[in-house]
Amino acid sequence: MQLVLASGSPRRFELLQLLDRPFSVVKPNIEEQQQAGETAEAYVSRLAVEKAQAGAKLSSVEAAVIGSDTVVVCEQQVLEKPVNQADYTSMMHKLSGRSHHALTAVALHYNGATNVALVSTMVHFKELSAAEIDAYWQTGEPKDKAGGYGIQGRAAKFVRHIEGSYLAVVGLPLYETEQLIQAAEQSQNEC
Ligand SMILES: Cc1cn([C@H]2C[C@H](O)[C@@H](COP(=O)(O)OP(=O)(O)OP(=O)(O)O)O2)c(=O)[nH]c1=O
């Protein structure tokens, strides 16, 4: 079974390599806009599905295509990538000294069907000073990350502990991804 990652995220590329399965990459362009009344869980799942399905259109028909999406949810507000430093600063003040959820959905499109797994991880941040928030922006890490931070980078020192899946926070939960691939392989053998 050919495997394709529909993502421009370098984190997802590196993580998927850990499954030791050969794969190629396509980079579909999906509009990321939460709809009125759409829950964060439904939103992140829909985006993962749309990425996998858009990736399938760019791939061969036999391919199994993986799409994924990550958002941070703090006090019912969805935080995506910061659009500028002011947006980032307001996100970090929200996250400071509180717990939030990092939601990652991974979807696999294969043989006309799309399956999706959603992973929710609670992340507890320490209280952050304005100087710490400013210094972290200067590292350049926040710009392309949901919630404005990378747990795998210099924001690690802000994280007191997590409950859930570390790799899901980074962007691709490998247990769930492997399960989706194995289910697709099984469906292939049944035909
Ligand atoms: C919370 C968090 C997010 N992130 C990243 C994972 C995702 O790349 C990004 C969230 O944006 P996404 O829109 O999920 O993904 P993306 O635009 O980077 O890549 P693509 O849609 O092409 O797959 O934030 C981290 O790297 N570390 C973290 O701790």
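This report describes the overall fold of a predicted protein model and the surroundings of one annotated residue.

Because the model is predicted, local features need pLDDT of at least 70 and side-chain atom pairs count only at pLDDT 80 or more, while totals for chains, interfaces and linings use all residues. Residues are numbered from 1 along each chain as its sequence is written.

The protein contains 6 helices and 7 strands, where helices (H or I, at least four residues) and strands (E, at least two) are DSSP runs numbered from the N terminus. Along the sequence these elements follow the order β-α-β-α-β-β-α-β-β-α-β-α-α. The radius of gyration, 17 Å, is close to the 16 Å that the globule rule gives for 191 residues, so the protein is as compact as a globular protein of that length; the radius is taken over C-alpha atoms, and the rule is 2.2 Å times the number of residues to the power 0.38.

| Property of the protein | Value |
|---|---|
| Box filled by the C-alpha atoms, along the principal axes | roughly 60 × 35 × 25 Å |
| Residues that count as buried, of 191 residues | 39% |
| Contacts between residues 24 or more positions apart, among those with a separation of 6 or more | 68% |

Here a residue is buried if 20 or more other C-beta atoms lie within 10 Å of its own, exposed if 12 or fewer, and partly exposed in between, with C-beta atoms placed from the backbone; two residues are in contact if their C-beta atoms, so placed, lie within 7 Å.

An unreviewed UniProt entry lists Asp 69 under "active site", an annotation that may be inferred rather than shown by experiment. Asp 69 lies in strand S3, which spans residues 64-74, and counts as buried because 27 C-beta neighbours fall inside 10 Å. Leaving aside residues up to four places away in sequence, Asp 69 touches Val 44, Leu 47, Ala 48, Lys 51, Thr 104 and Ala 105.
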